Number of protein chains: 2
Amino acid sequence: MERKQLKEVVIIGAGFAGLWALKNLSGGPVRVTIVDRNNYHTFLPLLYQVAAAEIEPEQIAYPVRTLLRGFRNARYLRAEVERIDFQGKFVECGGQKLVYDYLIVACGSVSHHYGIKGAGAHSFGLKTLDEAIILRNHILSCFERASCEVDPETRKALLSFVIIGGGPTGVEFAGALAELVRGPLRKDFPSISREDVSISLVESGKRLLGVFNEKSGAYALARLESMGIKVLLGSSVAEVTHGGIGLAGGITAASRTVVWTAGVSGAPVPGAPAALVNGAGRIESDECLRVKGADSVYIAGDITHFVQEERPLPMVATVAIQQGRHAAKNILRQIGGGRPLPFRFRDKGTMATIGRSSAITRIRGIESRGFVAWVLWLAVHIMYLIGFRNKILVMINWVYDYFFFEKSVRLILPRCCDSPGQAVCLNRERRCPECR
Amino acid sequence: MERKQLKEVVIIGAGFAGLWALKNLSGGPVRVTIVDRNNYHTFLPLLYQVAAAEIEPEQIAYPVRTLLRGFRNARYLRAEVERIDFQGKFVECGGQKLVYDYLIVACGSVSHHYGIKGAGAHSFGLKTLDEAIILRNHILSCFERASCEVDPETRKALLSFVIIGGGPTGVEFAGALAELVRGPLRKDFPSISREDVSISLVESGKRLLGVFNEKSGAYALARLESMGIKVLLGSSVAEVTHGGIGLAGGITAASRTVVWTAGVSGAPVPGAPAALVNGAGRIESDECLRVKGADSVYIAGDITHFVQEERPLPMVATVAIQQGRHAAKNILRQIGGGRPLPFRFRDKGTMATIGRSSAITRIRGIESRGFVAWVLWLAVHIMYLIGFRNKILVMINWVYDYFFFEKSVRLILPRCCDSPGQAVCLNRERRCPECR
């Protein structure tokens, strides 16, 4: 097909939404440009395992260019988006101007701190691979430093870990961190006893895992507590400082590691009219996943504010996958002269794991807990992980962990994400912590 | 055994020499402290594969603390050595003062630039995992940038790669880089043709792989040239700049990637008397591997200047392993009231690989080349790689590469080791390149 007959489609973001949009545009009369600041797709559901030193970061990353190889008329551009001009129908990024006939904004979400003082500056995020690596390095550095720290107060703060947010990310990471600390790190650091280390999970709501029912929430609570994690329900964080956290009501806790999983908002979209962006940073879409008033601009994934049954859809992978697919199909319908169809999310289920051999699943409204749910969790995650080699490598790591209780990636690497031999690096800038 | 009867042994460096010293001190009447700036041991012979995106960095790293688990009376300290006081018999590091009865200095080697102007500032090293990650990210970034670069001169410089040094490291990396560029990257970047990319290997001597014989040197030359690599023999580098290199005689070449493998010197040992350190940065030892005039200080590995058959032993893993073992045994002899024994290196062989299915080995003075040598190379490297899990993972990557011609770790990760979307990061500082 001659190029002049091809419509230009630009996709911003190579996450679940962007990739599934790309897949579903394949073979259509389109030339696709997918833009992302990273040259790889990240399988975010397993990100917490990178931070807990269980798997290598590379095993949940897949080069975007490899994904493109099967597609004609598709290309990837590694860049940050500087501005979208909705009127002029072009995107400025990486010094280029990408003119589009159709645009899919799938740039995902970022940590949201609700204006809590110090949360942005002093807590660790867990939203990107870079952040997971930084957090893993930091946790291990805290142990290294604590093992030769003489001041008991400093030692205690180094070995106190606070996770803010009792949703799936917080619960999954808390469980994995407890296993890391009680297993391999206990053997690595014989001078640090179990009682020296404290892991706390702070949730403002009345139960954990609000997306599941009360029974499951109680199950998660019992499991975490059995792993030695202190769970504080109905507790709001008022402030995060260099030295720890302060809860509403005045309680403070000293900690050098405060991990924020309590809130996400849509990623900033430069050039998006402010009127379209709601309080959660999400852009409101019409029923067909288009930006209201811009028929050629679609949104998919976490950035999308889409209401179904009177509630906005959650920021999860399954929503992103279905929306990305639907947005692409609607574009092809429009190009073919047809009308785009309304989107409806089909909830195939939700899962969360709580350490080894234990998970909660909800499928078709029925929730189950325990070992069988955990096996299902493993299988689903392996199935959706991209890359045959990655599937094999992750499974090997899981087997090693399960049978040998080993989390093998206990490496402070690379060093530019850490400051060895000095005060534990406390700079939380997303790109590059201070290093000396 | 009561602690007061134990002798304090400090080992500086957790490389081959330091680890084999540790192993051989096990069970002795000693308390060992091993100090390293990284919390892992690096299997350096496979470092070039990290830089060529073939294996994950973590697969050639092994946590030191895991190695220590089997040892009584051994501990690890993560720190930089600030000063060794040979008179007072203590080591200052990480804010601590480690008093020793015996010291083993095994701090390895660093890139040595022979005073060549700009080589330190403008070339990439390949001596540590951090450097290998930075180099890998940089190579991939050059391709990303070149794929949308309009200026032909800039594009050419981005796609020109110069490796300085025709020894095993330079040859192995050149071969792996050529495979990366001609294989996976050709599929990833269809707009970049084979002719656009240039890889050059510059060697000041008359042949490659001076450690092998002439026939092997010629074999290596033929193999590399068949892979499209330009080999310049008898060529000395006069200068390295931001934009490329200048050879003695006036020839210049534009390149944004100059990799230095042409020289190494002993790592700096703070506090070592200048009279003991030779021009190659190595410390001269007596026949028993002790520092001359300091009966309780041993040196092992790359840092050691040990003459055998009128030549200093090379800086290779096999020498480091034997010296580390011997130094430890000599310490145990001294503790037991005996005399240390002279060291003699037993050359078990040398190997170098040149891309897939091809290697050169020298065993008991007999050199062989080709596929069988390559299989032997694979087997020996897997055997010496530490960690059963690492062996499995590396083998999987090798199988994947061999059968699918894929180098799977084509990820620019983490981003703090690269500056995306902007001018390709050119800062060569070992720790943390500039990032914006």
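Reader: How many salt bridges does the rule find across the interface of chain A and chain B?

Author: The rule finds six. This is a predicted model, in which local features need pLDDT of at least 70, side-chain atom pairs count only at pLDDT 80 or more, and totals for chains, interfaces and linings use all residues. Residues are numbered from 1 along each chain as its sequence is written, chains are lettered from A in the order in which they are written, and side-chain values use heavy atoms, with hydrogens and water left out.

Reader: Why is the pair A:R389 and B:E56 called a salt bridge?

Author: A salt bridge needs a side-chain nitrogen of Lys or Arg within 4 Å of a carboxyl oxygen of Asp or Glu. The side chains of A:R389 and B:E56 meet at 3.0 Å, N to O, so the pair counts as a salt bridge.

Reader: How many residues of each chain are in contact?

Author: Contact means heavy atoms within 4.5 Å. On that basis 56 residues of chain A touch 56 residues of chain B.

Reader: What area do chain A and chain B bury between them?

Author: About 5,200 Å², with 55% of it on carbon and sulfur atoms. Buried area is the accessible area (1.4 Å probe) that two parts lose on being put together, summed over both.

Reader: How do helix 1 and helix 10 of chain B cross?

Author: The axes of helix 1 (residues 16-25) and helix 10 (residues 317-335) of chain B come within 7 Å and cross at roughly 35°. Axes are lines fitted to C-alpha atoms over the stretch in contact, with angles from 0 to 180 degrees between N-to-C directions; helices are DSSP runs (H or I, at least four residues), numbered from the N terminus.

Technical notes
Helix = DSSP H or I, 4+ residues; strand = E, 2+ residues; numbered from the N terminus.
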